[in-house]
Amino acid sequence: MSTWFRIALWKRVIAALVLGIAVGWLWGPGAESIKIVGDIFVAFIKMLVVPLIFFSLVAGVASIGDLRKLGSVGWRAMLLFVVTGQIAVWLGLLLGTLMKPGVGVDTSALQMGKIPEPNETTWREMVLGMVPQSPVQVMADVNVLPLIIFSLLLGIGILMAARDGEPVLKIFESGAVVMQKVTAIVMELTPFGVFALMAWVAGTLGLDALAALGQLVFLNYLGCLLIILLIYGGMIKFIARLPGINFFPGITDAIAVSYSTASSNATLPVTLRCAERNLGVSKSVASFVISLGATINMNGTAMYLGLATLFGAQLFGVDLSWGDYFMI
């Protein structure tokens, strides 16, 4: 058992991922019988999302200690999110335009379902939905964006209360530490969950399940790789002025978990731990920026949505104008 824990988590996750694919390929559809192990792991991960964001974000904001510093960190983070998100989505549109992954694909075998009704939600309703009318209901529904807004307001309130808010701050700081410990326990289940999920996918869908979408999958990985190396690598070198050779090994655990779970929120606990322990980021800044970024800074998703939109348009012969590009 001690040998198991001496192996780095990311190594155990990668080994479980590869072994799961191999077992699923050999086992076939019977691999679905162990999917429940992966479902349990995902359920544990989802269990962590609300309390971890709530305690970490409130403690992170309040621990900054100064509203001016909070404003300085906040506007820089938001500017970073907007700029990198725009670069990412335009990268996806560029890859889709140049490579044309949807052109020439045979759609005759597709079973077209009923065309869904247009989303009639107005922008006013979307904005209103960001306001947490009931924080308890928001937590129960795992509605992350209103939860973040409530957590930010509560953290700012503790800051404004100054000395009177210190007892409340200690509660949230203790809660954040406790949730980190709970997270560490759940993270030890990651290799088992990843193994079961990969075996289920390989066994039930087969290794050729994505053959028709191979080019799209390749372009998606290429886009993510370009984001990591060019956008993030450039930011690390020219803005943060840090050596990438130290940064990327420091976040390997987060990369492995994010790849296997495909969830920013699920990876949040590991990202916080990597930022604080491996990269030396202060707890207040890490809790604030990472918790916020896990919800509204999904550059990989932004790139994929641009790419997938073009793929769908090309698949069904829909011509997109420059106006459509800007709308995307």
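Phe-288 makes contact (heavy atoms within 4.5 Å) with Leu-57, Gly-60, Val-61, Leu-70, Val-73, Gly-74 and Leu-152, leaving aside its neighbours within four places in sequence. The model is a predicted one, in which local features need pLDDT of at least 70 and side-chain atom pairs count only at pLDDT 80 or more, while totals for chains, interfaces and linings use all residues. Residues are numbered from 1 along each chain as its sequence is written, and side-chain values use heavy atoms, with hydrogens and water left out.

Together with Ile-53 and Leu-268, Phe-288 is among the residues with the most contacts inside the largest nonpolar core, which has 49 residues. Helix H3 (residues 35-63) gives the most to this core, contributing 13 residues; helices here are DSSP runs of H or I, at least four residues long, numbered from the N terminus. A nonpolar core is a set of buried Ala, Val, Leu, Ile, Met, Phe, Trp, Tyr and Cys residues joined through side-chain atoms within 4.5 Å, where buried means under 20% relative accessible area, exposed over 50%, and partly exposed in between (1.4 Å probe, protein chains only). Another core, of 13 residues, lies apart from the largest one and includes Ala-88, Leu-219, Ala-302 and Met-303.

Turning to the cysteines, the count of disulfides (pairs of cysteine sulfur atoms within 2.5 Å) comes to zero. Cys-224 is in no disulfide, and the nearest cysteine sulfur, that of Cys-274, is 18 Å away. Cys-224 is partly exposed, with a relative accessible area of 27%, whereas Cys-274 is buried, at 2%.

Technical notes
Helix = DSSP H or I, 4+ residues; strand = E, 2+ residues; numbered from the N terminus.
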